[in-house]
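This report goes through selected parts of one model. It begins with a single side chain and then turns to a sheet and some helices.

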Amino acid sequence: MQVWHGIEQIPDGLSGSVVTIGNFDGVHRGHRAVLTATTERARALGVPAVALTFDPHPAQVHRPGTTPPLLTGLTDRLALLAEVGIDATLVLHYTLDLAALTPEAFVTGYLRDALRARAVVVGHDTRFGRGNSGDQHTMAALGREHGFAVDVVADVGVDRRWSSSWARELVESGDVAAAATVLGRPHRMRGAVVRGQARGRDLGFPTANLAPSATGTIPADGVYAGWLRRHAGTGERLPAAISVGTNPTFGDIAERIVEAHVIGRTDLDLYDEEVVVEFVERLRPTLRYEGVEALVAQMRLDVTDALAVLGESAV
């Protein structure tokens, strides 16, 4: 998938496209319905399927310091868009000046002139332009005026509309299995592995600690079964027991830490490597144990439980 950071990077030879617009946080199943419709329309017309997205997230610009963490950082968002079949993504740097554009100015500047849209695919609740004043009806009217079709995709979901906010609620409550149903995949975090206090290694359970700058919503405190993917998520997938919390048994860590123990491997050197950690199922909440022996006994049980959830054999 091509990635264009600004319209100046769009190839001169682009003769047309089918475009969809959104923040696509999490690239959940609702997004995927719109994205799939976009790729199908593009294949039918013989032009590229293009996603137009924003970085930073608009909420971070309009309400800095008060917005919830994103489900996915930009790197994962782009990777997930590519997995769905999008041919190119235009990443617009979101600013207050961009937000001030009228719906017509946004459409003519980006969809008509820059991307030469032959069709635009949107969800029924799409909003765009100054003060979110543009909606699907605005887009349809502008499409008639400027020569592109508009396809509107209905909401999808079973008991509730699939949305980023719902997926985030589930992740933050620790129900990562239910979140995977909304996302269509396990929830993930991405970050560099940094040095911790090496307590896990001393106890026989070495862990890869994610840097505080890791992207992705942190699940509720607890122990999870999941996977660690090496080499920025492109390498081998390893079964893991993942701990989220402050290590209350030792009581000297203030900040929450995400650390993954790769089951059956004590030979890995992951320091400074970027990894992806995927959360499959919560095994238990974080507990405080009276002494190291009780903690180690529980960690052995956690490993056994994680392997059972992941369908892996003991190493």
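## A buried aspartate, a parallel sheet and its helices

Asp 76 counts as buried because its relative accessibility is 1%; buried means under 20% relative accessible area, exposed over 50%, and partly exposed in between, with a 1.4 Å probe and protein chains only. The model is predicted, so local features need pLDDT of at least 70 and side-chain atom pairs count only at pLDDT 80 or more, while totals for chains, interfaces and linings use all residues. Residues are numbered from 1 along each chain as its sequence is written, and side-chain values use heavy atoms, with hydrogens and water left out.

Asp 76 belongs to helix H3 (residues 74–84). Helices (H or I, at least four residues) and strands (E, at least two) are DSSP runs, numbered from the N terminus. Apart from neighbours within four places in sequence, Asp 76 has contacts (heavy atoms within 4.5 Å) with Arg 188, Arg 190, Thr 215 and Val 276.

An open sheet is formed by six strands, ordered E1-E4-E3-E2-E5-E6, with parallel pairing. Its edge strands, E1 and E6 (149–153), each pair on one side only. On average, neighbouring strands of the sheet are turned by 25° against each other, direction ignored. Two strands pair if DSSP finds at least two bridges between them.

| Strand pair | Bridges | Sense |
|---|---|---|
| E1 (residues 2–4) and E4 | three bridges | parallel |
| E3 (residues 49–55) and E4 | six bridges | parallel |
| E5 (residues 117–123) and E6 | five bridges | parallel |

Within strand E4 (residues 88–93), five of the six residues are buried. Thr 89 in E4 stands opposite Val 3, and Thr 89 also stands opposite Ala 51. In E6, Val 153 is the bridge partner of Gly 123.

Two helices lie across these strands. Helix H6 (residues 136–146) lies across E2, E5 and E6, at about 160° to E6. The axes are lines fitted to C-alpha atoms, for helices over the stretch in contact, and angles run from 0 to 180 degrees between N-to-C directions.

Among the buried residues of H10 are Leu 295, Gln 298, Asp 302 and Leu 310. Their cover includes strands E9 (222–229), E10 (237–245), E11 (257–262) and E12 (274–284). Just after H10, Gly 311 has a positive phi of about 70°.
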